[in-house]
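Visitor: I would like to go through this structure term by term. Please set each value against its definition.

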Amino acid sequence: KFPSVQTLAFMQFTSTTLALKAASMLGYVNLLPISVNGIKSILPLSTCYLFNILTGLSATQNLSLPMMVLLRRASILMTMLLEKWM
């Protein structure tokens, strides 16, 4: 078991931020400058995403590896089927 879910989440957020910054510097994506209005508009979505990541990581902490693989593959299959249906 990984002892700290918060450390794993922090590492994920940091690596995502660094990857986005590198992609922005290389010209692959255009990031808007940080502003108070921008932060206010994305704060609810960011809070939901943070809650989703922390609860997902803490829930999978107690799963065995075979069950984790099964759930991951099943979720991909269900996503593909539901996208086709919609």
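Visitor: Why is Phe13 called partly exposed?

Guide: Phe13 has a relative accessible area of 23%. Buried means under 20%, exposed means over 50%, and partly exposed is what lies in between, using a 1.4 Å probe and protein chains only. The 23% of Phe13 falls in between, so Phe13 is partly exposed.

Visitor: What kind of model is this, and how are residues and side chains treated?

Guide: The model is predicted: local features need pLDDT of at least 70 and side-chain atom pairs pLDDT 80 or more, while totals for chains, interfaces and linings use all residues. Residues are numbered from 1 along each chain as its sequence is written, and side-chain values use heavy atoms, leaving out hydrogens and water.

Visitor: Why is Tyr49 called partly exposed?

Guide: The relative accessible area of Tyr49 is 42%, which lies between the 20% and 50% cut-offs, so Tyr49 is partly exposed.

Visitor: How many aromatic pairs are there, and what makes the pair of Phe13 and Tyr49 tilted?

Guide: There is 1 aromatic pair. Rings of Phe, Tyr and Trp (its six-membered ring) pair if their centres lie within 6.5 Å; planes under 30 degrees apart are stacked, over 60 edge-to-face, and the rest tilted. The centres of Phe13 and Tyr49 are 5.9 Å apart and the planes stand at 55 degrees, so the pair is tilted. Phe13 is in helix 1 (residues 5-25) and Tyr49 in helix 2 (residues 36-60), 36 residues apart.

Visitor: What counts as a helix, and how many does the protein have?

Guide: A helix is a DSSP run of H or I with at least four residues, and a strand is a run of E with at least two, numbered from the N terminus. The protein has 3 helices and 0 strands.

Visitor: Why is the protein called more spread out than a compact globule?

Guide: The globule rule is 2.2 Å times the number of residues to the power 0.38, and the radius of gyration is taken over C-alpha atoms. For 86 residues the rule gives 12 Å; the protein has 17 Å, well over that, so it is more spread out than a compact globule.

Visitor: How do you know that the buried residues of helix 1 line one face?

Guide: Val5, Ala9 and Ala23 are buried in helix 1. Seen down the axis, the buried residues fall within an arc of 65 degrees, so they line one face of the helix. That arc is taken from the directions from the helix axis to the C-beta atoms.
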